[in-house]
Amino acid sequence: MSEQWSGSRRLRVVVGVASAAMVAGLVSACGGSAENSGDTVYFGVSGPKSGTSAEYGRLWQQGFDLALDEINAAGGINGKKVELKWEDSQSDPKQTVPIATKFVGDKSIIAELGDFSSPASIAASPVYNRGKLVQYGFTNSAVDFTKGGDYSWSPSITTDVYQERNAQWVLAKAKKVSVVYLETDWGKQSFKFFEQFAREKGIEIAYSSAILPDSQDFRPVLIKGRDANPEAFVHLGYGPDGALIVKQLRDVGYDGPFFGGQNTPQFIQLAGTSAEGDIVNGIYSPSDTTPKVQSFTTKFRDKFKTDPGDFNVYAYDALNVLVKAAKYGGATREGVLKGLREVKDFDGIGLGTFAFDQQTRRPSGVKPIELVLKNGSFVPTGNK
(Lines give C-alpha, C1' and ligand atoms only; values in the text may rest on other atoms or scores of the structure.)
Protein backbone atom coordinates (compact mmCIF):
# COMPACT_ATOMS: atom_id res chain seq x y z
CA MET A 1 0.00 0.00 0.00
CA SER A 2 2.34 2.91 -0.95
CA GLU A 3 -0.08 5.55 0.64
CA GLN A 4 -0.86 2.50 0.55
CA TRP A 5 -1.18 4.06 1.56
CA SER A 6 -1.39 7.72 0.58
CA GLY A 7 -4.49 9.68 1.16
CA SER A 8 -5.19 10.56 4.75
CA ARG A 9 -6.79 13.85 3.66
CA ARG A 10 -9.88 14.34 1.54
CA LEU A 11 -9.61 15.42 -2.07
CA ARG A 12 -12.39 17.93 -1.56
CA VAL A 13 -9.79 20.09 0.22
CA VAL A 14 -8.20 20.53 -3.18
CA VAL A 15 -11.17 22.65 -4.25
CA GLY A 16 -10.57 24.94 -1.33
CA VAL A 17 -6.98 25.57 -2.35
CA ALA A 18 -7.44 25.56 -6.11
CA SER A 19 -7.52 29.33 -6.44
CA ALA A 20 -4.37 29.61 -4.32
CA ALA A 21 -2.68 27.05 -6.52
CA MET A 22 -3.64 28.99 -9.65
CA VAL A 23 -2.28 32.26 -8.30
CA ALA A 24 0.90 30.62 -7.04
CA GLY A 25 1.29 28.86 -10.35
CA LEU A 26 1.05 32.09 -12.32
CA VAL A 27 3.66 33.68 -10.09
CA SER A 28 5.98 30.71 -10.36
CA ALA A 29 5.63 30.08 -14.08
CA CYS A 30 8.56 32.36 -14.80
CA GLY A 31 10.79 30.43 -12.42
CA GLY A 32 12.76 28.68 -15.16
CA SER A 33 15.46 26.11 -14.53
CA ALA A 34 17.41 26.03 -11.30
CA GLU A 35 21.09 26.79 -11.53
CA ASN A 36 23.62 25.12 -9.27
CA SER A 37 26.71 27.28 -9.45
CA GLY A 38 27.86 26.26 -5.97
CA ASP A 39 29.22 23.00 -4.61
CA THR A 40 25.85 21.56 -3.47
CA VAL A 41 22.82 20.24 -5.36
CA TYR A 42 19.51 20.47 -3.51
CA PHE A 43 16.29 18.50 -3.68
CA GLY A 44 13.18 19.74 -1.88
CA VAL A 45 11.13 17.41 0.34
CA SER A 46 7.50 18.17 1.15
CA GLY A 47 6.45 15.65 3.77
CA PRO A 48 5.06 15.06 7.27
CA LYS A 49 7.42 15.58 10.18
CA SER A 50 4.56 16.31 12.59
CA GLY A 51 0.87 15.50 12.74
CA THR A 52 -0.90 12.19 12.26
CA SER A 53 1.40 11.04 9.45
CA ALA A 54 4.69 11.98 11.15
CA GLU A 55 5.76 8.34 11.41
CA TYR A 56 6.00 8.16 7.63
CA GLY A 57 8.19 11.25 7.54
CA ARG A 58 10.48 9.58 10.08
CA LEU A 59 10.74 6.48 7.90
CA TRP A 60 11.43 8.64 4.86
CA GLN A 61 14.20 10.45 6.73
CA GLN A 62 15.97 7.18 7.48
CA GLY A 63 15.80 6.09 3.84
CA PHE A 64 17.01 9.48 2.63
CA ASP A 65 19.86 9.56 5.16
CA LEU A 66 21.22 6.20 4.05
CA ALA A 67 20.93 7.18 0.39
CA LEU A 68 22.71 10.50 1.03
CA ASP A 69 25.56 8.70 2.80
CA GLU A 70 26.14 6.49 -0.22
CA ILE A 71 25.52 9.13 -2.90
CA ASN A 72 27.92 11.66 -1.38
CA ALA A 73 30.57 9.05 -0.60
CA ALA A 74 30.49 8.17 -4.30
CA GLY A 75 31.03 11.78 -5.38
CA GLY A 76 27.50 13.17 -5.33
CA ILE A 77 26.29 14.50 -8.67
CA ASN A 78 29.30 15.13 -10.87
CA GLY A 79 31.40 16.04 -7.85
CA LYS A 80 28.76 18.18 -6.15
CA LYS A 81 27.37 17.25 -2.74
CA VAL A 82 23.67 16.37 -2.53
CA GLU A 83 21.49 17.77 0.26
CA LEU A 84 17.77 18.04 1.04
CA LYS A 85 15.64 21.04 1.95
CA TRP A 86 12.74 19.75 4.07
CA GLU A 87 9.41 21.45 4.69
CA ASP A 88 6.96 19.89 7.16
CA SER A 89 3.62 19.66 5.36
CA GLN A 90 1.84 17.39 7.86
CA SER A 91 0.60 15.86 4.58
CA ASP A 92 -2.03 18.60 4.54
CA PRO A 93 -3.19 20.00 1.14
CA LYS A 94 -3.52 23.45 2.69
CA GLN A 95 0.20 23.42 3.46
CA THR A 96 1.60 21.75 0.35
CA VAL A 97 0.59 24.63 -1.94
CA PRO A 98 2.68 27.33 -0.20
CA ILE A 99 5.53 24.82 0.15
CA ALA A 100 5.38 24.23 -3.61
CA THR A 101 5.50 27.98 -4.22
CA LYS A 102 8.55 28.24 -1.97
CA PHE A 103 10.35 25.38 -3.70
CA VAL A 104 9.59 26.67 -7.20
CA GLY A 105 10.99 30.06 -6.19
CA ASP A 106 14.19 28.54 -4.75
CA LYS A 107 16.49 28.32 -7.76
CA SER A 108 18.86 25.92 -5.97
CA ILE A 109 16.21 23.15 -5.86
CA ILE A 110 16.27 20.95 -8.98
CA ALA A 111 13.38 18.57 -8.10
CA GLU A 112 10.86 17.92 -5.32
CA LEU A 113 10.09 14.69 -3.45
CA GLY A 114 6.66 14.10 -1.89
CA ASP A 115 4.12 14.59 -0.53
CA PHE A 116 3.03 11.51 1.44
CA SER A 117 -0.68 11.47 0.54
CA SER A 118 -2.06 11.81 -2.95
CA PRO A 119 -4.54 14.59 -2.06
CA ALA A 120 -1.72 16.62 -0.52
CA SER A 121 0.39 16.16 -3.65
CA ILE A 122 -2.45 16.75 -6.12
CA ALA A 123 -3.25 20.08 -4.48
CA ALA A 124 0.29 21.29 -5.20
CA SER A 125 0.62 19.83 -8.72
CA PRO A 126 -0.50 22.99 -10.58
CA VAL A 127 2.26 24.99 -8.89
CA TYR A 128 5.00 22.49 -9.72
CA ASN A 129 3.84 22.08 -13.30
CA ARG A 130 3.57 25.80 -13.99
CA GLY A 131 6.94 26.30 -12.32
CA LYS A 132 8.48 23.47 -14.36
CA LEU A 133 9.85 21.70 -11.29
CA VAL A 134 9.60 17.90 -11.20
CA GLN A 135 7.20 16.73 -8.48
CA TYR A 136 8.24 13.17 -7.58
CA GLY A 137 5.33 11.75 -5.57
CA PHE A 138 7.02 8.52 -4.67
CA THR A 139 4.24 7.24 -2.36
CA ASN A 140 1.32 8.57 -4.40
CA SER A 141 -0.72 5.57 -5.56
CA ALA A 142 -3.87 7.50 -6.59
CA VAL A 143 -4.45 6.85 -10.28
CA ASP A 144 -5.00 10.55 -11.02
CA PHE A 145 -1.81 11.90 -9.45
CA THR A 146 0.39 11.84 -12.55
CA LYS A 147 -2.40 13.38 -14.62
CA GLY A 148 -1.40 16.69 -13.05
CA GLY A 149 1.03 17.45 -15.86
CA ASP A 150 4.36 16.66 -17.48
CA TYR A 151 6.26 17.42 -14.26
CA SER A 152 4.24 15.05 -12.01
CA TRP A 153 5.96 11.65 -11.76
CA SER A 154 5.61 8.67 -9.43
CA PRO A 155 7.23 5.24 -9.07
CA SER A 156 4.33 4.10 -6.89
CA ILE A 157 2.24 1.16 -7.98
CA THR A 158 -1.30 2.46 -8.49
CA THR A 159 -4.27 1.67 -6.26
CA ASP A 160 -6.08 -0.35 -8.92
CA VAL A 161 -3.06 -2.64 -9.39
CA TYR A 162 -2.66 -3.07 -5.63
CA GLN A 163 -6.29 -4.01 -5.15
CA GLU A 164 -6.42 -6.40 -8.10
CA ARG A 165 -3.51 -8.29 -6.56
CA ASN A 166 -5.06 -8.02 -3.12
CA ALA A 167 -8.28 -9.63 -4.36
CA GLN A 168 -6.29 -12.35 -6.11
CA TRP A 169 -4.46 -13.27 -2.92
CA VAL A 170 -7.62 -13.11 -0.81
CA LEU A 171 -9.26 -15.54 -3.21
CA ALA A 172 -6.63 -18.15 -2.36
CA LYS A 173 -7.97 -18.23 1.22
CA ALA A 174 -11.56 -17.03 1.10
CA LYS A 175 -14.63 -16.55 -1.05
CA LYS A 176 -16.56 -14.62 1.58
CA VAL A 177 -15.04 -11.62 3.36
CA SER A 178 -15.76 -8.66 5.58
CA VAL A 179 -14.02 -5.40 4.68
CA VAL A 180 -13.22 -2.19 6.56
CA TYR A 181 -11.64 0.79 4.84
CA LEU A 182 -10.56 4.29 5.81
CA GLU A 183 -13.10 7.09 5.48
CA THR A 184 -10.74 9.04 3.20
CA ASP A 185 -10.58 9.52 -0.54
CA TRP A 186 -7.76 7.00 -0.78
CA GLY A 187 -9.66 4.51 1.39
CA LYS A 188 -12.85 4.85 -0.60
CA GLN A 189 -10.99 4.51 -3.89
CA SER A 190 -9.20 1.43 -2.59
CA PHE A 191 -12.50 -0.13 -1.58
CA LYS A 192 -14.06 0.72 -4.94
CA PHE A 193 -11.28 -1.14 -6.74
CA PHE A 194 -11.24 -4.05 -4.27
CA GLU A 195 -15.02 -4.40 -4.61
CA GLN A 196 -14.73 -4.43 -8.40
CA PHE A 197 -12.03 -7.09 -8.50
CA ALA A 198 -13.67 -9.16 -5.75
CA ARG A 199 -16.85 -9.29 -7.82
CA GLU A 200 -14.90 -10.27 -10.94
CA LYS A 201 -13.12 -13.07 -9.06
CA GLY A 202 -16.23 -14.42 -7.35
CA ILE A 203 -15.52 -13.14 -3.82
CA GLU A 204 -18.60 -12.22 -1.79
CA ILE A 205 -18.30 -9.14 0.41
CA ALA A 206 -20.63 -10.14 3.22
CA TYR A 207 -20.06 -6.91 5.18
CA SER A 208 -18.26 -3.65 4.59
CA SER A 209 -17.85 -0.42 6.52
CA ALA A 210 -15.83 2.77 6.41
CA ILE A 211 -13.81 3.59 9.55
CA LEU A 212 -12.63 6.96 10.82
CA PRO A 213 -8.83 7.38 10.71
CA ASP A 214 -8.65 8.87 14.21
CA SER A 215 -10.94 6.37 15.93
CA GLN A 216 -9.54 4.22 18.72
CA ASP A 217 -12.39 1.74 19.18
CA PHE A 218 -13.48 -0.19 16.12
CA ARG A 219 -15.22 -3.01 18.02
CA PRO A 220 -18.85 -2.11 17.12
CA VAL A 221 -17.98 -2.31 13.42
CA LEU A 222 -15.78 -5.38 13.83
CA ILE A 223 -18.49 -7.28 15.69
CA LYS A 224 -20.85 -6.75 12.76
CA GLY A 225 -18.13 -7.89 10.39
CA ARG A 226 -17.48 -10.97 12.55
CA ASP A 227 -21.18 -11.82 12.69
CA ALA A 228 -21.35 -11.90 8.89
CA ASN A 229 -19.31 -15.14 9.19
CA PRO A 230 -16.50 -14.20 6.80
CA GLU A 231 -13.77 -16.61 5.78
CA ALA A 232 -11.28 -13.70 5.91
CA PHE A 233 -11.18 -10.09 7.10
CA VAL A 234 -9.78 -7.35 4.83
CA HIS A 235 -8.51 -3.98 6.05
CA LEU A 236 -7.74 -1.17 3.60
CA GLY A 237 -5.80 1.41 5.57
CA TYR A 238 -2.53 2.34 7.22
CA GLY A 239 -0.27 0.79 9.83
CA PRO A 240 -1.58 2.40 13.06
CA ASP A 241 -5.27 1.75 12.35
CA GLY A 242 -4.42 -1.69 10.96
CA ALA A 243 -2.72 -2.65 14.22
CA LEU A 244 -5.77 -1.59 16.24
CA ILE A 245 -8.11 -3.41 13.86
CA VAL A 246 -6.33 -6.75 14.06
CA LYS A 247 -5.89 -6.59 17.84
CA GLN A 248 -9.55 -5.71 18.38
CA LEU A 249 -10.63 -8.39 15.91
CA ARG A 250 -8.90 -10.96 18.08
CA ASP A 251 -10.49 -9.38 21.17
CA VAL A 252 -14.00 -9.90 19.76
CA GLY A 253 -13.25 -13.52 18.96
CA TYR A 254 -12.40 -13.51 15.26
CA ASP A 255 -9.41 -15.77 14.62
CA GLY A 256 -9.57 -16.16 10.84
CA PRO A 257 -7.17 -14.87 8.16
CA PHE A 258 -6.41 -11.13 8.16
CA PHE A 259 -5.35 -9.06 5.16
CA GLY A 260 -4.32 -5.57 6.21
CA GLY A 261 -1.97 -3.17 7.93
CA GLN A 262 1.34 -2.26 6.33
CA ASN A 263 4.91 -3.44 6.00
CA THR A 264 6.28 -0.99 8.57
CA PRO A 265 8.15 -1.55 11.85
CA GLN A 266 5.42 0.44 13.60
CA PHE A 267 2.65 -1.91 12.47
CA ILE A 268 4.61 -5.01 13.44
CA GLN A 269 5.37 -3.59 16.89
CA LEU A 270 1.86 -2.28 17.62
CA ALA A 271 0.01 -5.33 16.33
CA GLY A 272 2.22 -7.87 18.09
CA THR A 273 1.26 -11.53 17.94
CA SER A 274 -2.31 -10.65 16.92
CA ALA A 275 -1.06 -10.07 13.37
CA GLU A 276 0.83 -13.35 12.99
CA GLY A 277 -0.05 -14.67 9.53
CA ASP A 278 -1.21 -11.28 8.28
CA ILE A 279 -0.90 -10.83 4.51
CA VAL A 280 -0.10 -7.50 2.83
CA ASN A 281 0.92 -6.06 -0.51
CA GLY A 282 4.51 -4.89 -0.39
CA ILE A 283 7.70 -4.17 -2.31
CA TYR A 284 10.42 -5.31 0.10
CA SER A 285 11.38 -8.02 2.57
CA PRO A 286 14.61 -8.27 4.61
CA SER A 287 14.58 -12.00 3.82
CA ASP A 288 15.12 -11.33 0.11
CA THR A 289 18.45 -12.97 -0.72
CA THR A 290 19.19 -10.79 -3.76
CA PRO A 291 22.72 -9.34 -3.21
CA LYS A 292 21.70 -5.70 -3.65
CA VAL A 293 18.76 -6.14 -1.25
CA GLN A 294 20.94 -7.83 1.33
CA SER A 295 23.56 -5.10 1.01
CA PHE A 296 20.91 -2.42 1.57
CA THR A 297 19.41 -4.32 4.51
CA THR A 298 22.79 -4.78 6.19
CA LYS A 299 23.70 -1.11 5.81
CA PHE A 300 20.31 -0.02 7.13
CA ARG A 301 20.57 -2.32 10.16
CA ASP A 302 24.08 -1.07 10.90
CA LYS A 303 22.98 2.56 10.77
CA PHE A 304 19.57 2.39 12.49
CA LYS A 305 19.71 -0.87 14.51
CA THR A 306 16.41 -2.09 13.07
CA ASP A 307 15.02 -3.72 9.94
CA PRO A 308 13.80 -1.42 7.19
CA GLY A 309 10.25 -1.49 5.83
CA ASP A 310 8.57 -0.40 2.63
CA PHE A 311 8.55 3.32 3.40
CA ASN A 312 12.29 3.39 4.08
CA VAL A 313 12.77 1.71 0.71
CA TYR A 314 10.43 4.14 -1.07
CA ALA A 315 12.51 7.12 0.12
CA TYR A 316 15.90 5.47 -0.49
CA ASP A 317 14.94 4.47 -4.03
CA ALA A 318 13.31 7.83 -4.81
CA LEU A 319 16.40 9.87 -4.06
CA ASN A 320 18.62 7.49 -5.98
CA VAL A 321 16.33 7.70 -9.02
CA LEU A 322 16.39 11.51 -9.07
CA VAL A 323 20.17 11.57 -8.60
CA LYS A 324 20.62 9.18 -11.51
CA ALA A 325 18.30 11.33 -13.63
CA ALA A 326 20.34 14.43 -12.76
CA LYS A 327 23.63 12.71 -13.54
CA TYR A 328 22.25 11.78 -16.95
CA GLY A 329 20.51 15.01 -17.90
CA GLY A 330 22.37 17.56 -15.80
CA ALA A 331 21.88 19.02 -12.33
CA THR A 332 19.11 21.39 -13.40
CA ARG A 333 15.33 21.18 -13.39
CA GLU A 334 15.20 20.40 -17.10
CA GLY A 335 18.08 17.95 -16.65
CA VAL A 336 16.11 15.91 -14.11
CA LEU A 337 13.10 15.85 -16.45
CA LYS A 338 15.32 14.72 -19.33
CA GLY A 339 16.74 11.92 -17.20
CA LEU A 340 13.31 10.66 -16.14
CA ARG A 341 12.24 10.63 -19.77
CA GLU A 342 15.31 8.95 -21.24
CA VAL A 343 17.00 6.68 -18.68
CA LYS A 344 15.93 3.07 -19.25
CA ASP A 345 17.63 1.31 -16.35
CA PHE A 346 16.66 2.88 -13.04
CA ASP A 347 17.50 0.24 -10.44
CA GLY A 348 15.64 0.20 -7.15
CA ILE A 349 15.56 -2.02 -4.08
CA GLY A 350 11.77 -2.18 -4.21
CA LEU A 351 10.95 -2.25 -7.92
CA GLY A 352 14.08 -3.73 -9.46
CA THR A 353 15.23 -2.38 -12.83
CA PHE A 354 12.64 -0.22 -14.57
CA ALA A 355 11.96 2.63 -16.98
CA PHE A 356 9.09 5.09 -16.91
CA ASP A 357 6.13 4.82 -19.24
CA GLN A 358 6.14 8.26 -20.85
CA GLN A 359 2.34 8.45 -21.04
CA THR A 360 1.58 7.60 -17.42
CA ARG A 361 4.91 8.80 -15.95
CA ARG A 362 4.97 5.64 -13.83
CA PRO A 363 7.16 2.51 -14.06
CA SER A 364 6.19 0.01 -16.71
CA GLY A 365 4.99 -3.44 -15.68
CA VAL A 366 5.88 -3.48 -11.98
CA LYS A 367 3.70 -5.31 -9.46
CA PRO A 368 3.64 -5.70 -5.67
CA ILE A 369 4.67 -8.88 -3.91
CA GLU A 370 2.61 -10.84 -1.41
CA LEU A 371 4.10 -10.77 2.09
CA VAL A 372 3.09 -12.75 5.17
CA LEU A 373 4.00 -11.86 8.74
CA LYS A 374 5.96 -14.66 10.40
CA ASN A 375 7.70 -14.35 13.75
CA GLY A 376 7.75 -10.55 13.64
CA SER A 377 8.93 -10.12 10.03
CA PHE A 378 7.19 -9.88 6.68
CA VAL A 379 8.47 -12.53 4.27
CA PRO A 380 7.43 -13.35 0.69
CA THR A 381 4.81 -16.06 0.31
CA GLY A 382 6.20 -17.10 -3.03
CA ASN A 383 2.83 -16.54 -4.74
CA LYS A 384 2.81 -14.58 -7.99
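Predicted model: local features only at pLDDT ≥ 70, side-chain atom pairs only at ≥ 80, totals over all residues.

Residues are numbered from 1 along each chain as its sequence is written, and side-chain values use heavy atoms, with hydrogens and water left out.

- Helices (H or I, at least four residues) and strands (E, at least two) are DSSP runs, numbered from the N terminus.
- Strand β15 covers residues 369–374 and strand β16 covers residues 377–380; the two pair in the antiparallel sense over 4 bridges (strands pair if DSSP finds at least two bridges between them).
- Across this pairing, Leu371 stands opposite Pro380 in β16.
- The two strands, β15 and β16, form a hairpin with 2 residues between them. In the turn, Asn375 has a positive phi of about 50 degrees.

**Cavities and a pocket**

- On a 1 Å grid over the protein atoms alone, a cavity is a set of points where a 1.4 Å probe fits but cannot get out. A pocket is an open set with protein on both sides within 12 Å along at least five of seven lines, and lining residues have an atom within 4 Å of a point.
- Grid points are joined across faces, edges and corners, and a volume is the space filled by probe spheres set on the points.
- A search of the whole structure turns up 3 cavities of 30 Å³ or more, and the largest cavity holds about 130 Å³ of space.
- Which residues lie nearest the centre of the largest cavity? They are Pro155, Ile283, Tyr314, Asp317 and Leu351, out of 14 residues that line the cavity.
- Helix α11 (residues 310–329) gives the largest share of the lining of the largest cavity, with 4 residues.
- Sorted by class, the lining of the largest cavity has 11 nonpolar, 2 polar and 1 charged residues. Here Ala, Val, Leu, Ile, Met, Phe, Trp, Tyr, Cys and Pro count as nonpolar, Asp, Glu, Lys and Arg as charged, and the others, Gly among them, as polar.
- The second largest pocket holds about 290 Å³ of space. Its lining has 17 residues, and those closest to its centre are Glu70, Tyr316, Asn320, Val321 and Asp347.
- Two or more residues of the lining of the second largest pocket come from each of α2 (54–73), α11 and β11 (346–348). The largest share, 7 residues, comes from α11.
- By class, the lining of the second largest pocket has 7 nonpolar, 3 polar and 7 charged residues.

**Salt bridges**

- The whole structure has 17 salt bridges (a side-chain nitrogen of Lys or Arg within 4 Å of a carboxyl oxygen of Asp or Glu).
- Glu55 and Arg58 form one of them, with the closest N and O atoms 2.8 Å apart. Both residues lie in helix α2, 3 residues apart, or about one turn of the helix.
- Is Glu55 buried or exposed? Glu55 is buried, with a relative accessible area of 18%, and Arg58 is partly exposed at 40% (buried means under 20% relative accessible area, exposed over 50%, partly exposed in between, with a 1.4 Å probe and protein chains only).
- Arg361 and Asp150 form a salt bridge, with the closest N and O atoms 3.8 Å apart. This pair links distant parts of the chain, 211 residues apart: Arg361 is in the loop between β13 (356–357) and β14 (362–363), and Asp150 is in the loop between β4 (135–136) and β5 (152–153).
- Arg361 counts as buried at 10% relative accessibility, whereas Asp150 counts as partly exposed at 45%.
- Arg226 and Asp227 meet through their side chains in a salt bridge of 2.9 Å, N to O. Arg226 is partly exposed at 27% relative accessibility, and Asp227 is partly exposed at 47%.

**Two single residues**

- Thr159 has its place in helix α5 (residues 159–171) and counts as buried, at 2% relative accessibility.
- Leaving out residues up to four places away in sequence, Thr159 touches Ser141, Ala142, Trp186, Gln189, Ser190 and Phe193 (contact means heavy atoms within 4.5 Å).
- Lys94 is found in helix α3 (residues 93–105) and counts as exposed, at 56% relative accessibility.
- Lys94 and Ser121 are 27 residues apart in sequence and 10 Å apart in space, C-alpha to C-alpha.
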